[in-house]
Structure formats: structure tokens, C-alpha cells
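Thanks, everyone, for making the time.

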Amino acid sequence: MSLLDKNNRVSNIFYVGTLLSVVGSVLIWNSGLGSNPAHIERLALFVGLWAPTFMGFSNYYKEQ
């Protein structure tokens, strides 16, 4: 199996990654850990921006 072959299993893994990215972003944003709140917010936004990329990969790998 090549890395670029269409595969529902790979698609599902990226879909779960999308959900984890959104949940992780919300958890980081609300965690309050650390002394600099601006750093926490930037990290949460960075993690949240992974979701569209993972969803794009999920759609690419979905078998028709």
C-alpha cells in the first residue's frame, strides 16, 4: 500500500485528528496554565488551525 492510496482507515485517522485538534485547542485556551495568557491563546489558536488541514487530508483519503 502506497502512502497516497485512497484508504478509509487513513481518512478516519485524520478525521479523529481533526476532532482532537478542536478539543485540544479549547482545552489549552481554558487551561490557564502558565504565567503568560497571550502565549496560551497563541498556542490554542495554533493547535486549532490544524483542524482544516487534517480535514482536507481526511477528504483526500476517503474512498468513493
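Helix 1 and helix 2 pack at an angle of about 175°, with their axes 8 Å apart, where the axes are lines fitted to C-alpha atoms over the stretch in contact and angles run from 0 to 180 degrees between N-to-C directions. That makes helix 1 roughly antiparallel to helix 2, a label given to angles over 145 degrees. On the helix 1 side the contact, meaning heavy atoms within 4.5 Å, is made by S21, G24, S25, I28, W29 and S31, and helix 2 contributes I40, E41, L43, A44, L45, V47 and G48.

Before going further, please keep in mind that this is a predicted model, in which local features need pLDDT of at least 70 and side-chain atom pairs count only at pLDDT 80 or more, whereas totals for chains, interfaces and linings use all residues. Residues are numbered from 1 along each chain as its sequence is written, and side-chain values use heavy atoms, with hydrogens and water left out.

Now to helix 3, which has 12 residues and reaches 17 Å from its first C-alpha to its last, close to the 16 Å expected at 1.5 Å a residue, that span being 1.5 Å times one less than the number of residues. Its buried residues are A51, S58 and Y61, where buried means under 20% relative accessible area, exposed over 50%, and partly exposed in between, with a 1.4 Å probe and protein chains only. Seen down the axis of helix 3, these buried residues fall within an arc of 95°, so they line one face of the helix; the arc is that of the directions from the helix axis to the C-beta atoms. The buried residues of helix 3 pack against helix 1 and helix 2.

Which residues form the aromatic cluster? They are F14, F54, F57, Y60 and Y61, and the structure holds five aromatic pairs, a pair being rings of Phe, Tyr and Trp (its six-membered ring) with centres within 6.5 Å, called stacked under 30 degrees between planes, edge-to-face over 60 and tilted for the rest. The rings of F14 and F54 have centres 6.1 Å apart and planes at 35°, so this pair is tilted. Because F14 lies in helix 1 and F54 in helix 3, the pair ties together parts that are 40 residues apart in sequence. F14 is partly exposed at 22% relative accessibility, and F54 is partly exposed at 24%. Y60 and Y61, by contrast, pair edge-to-face, at 5.1 Å centre to centre and 85° between the planes; here Y60 is partly exposed at 38%, while Y61 is buried at 8%.

Terms used
Helices (H or I, at least four residues) and strands (E, at least two) are DSSP runs, numbered from the N terminus. Angles under 35 degrees count as roughly parallel, over 145 as roughly antiparallel, 65 to 115 as roughly perpendicular and the rest as oblique.
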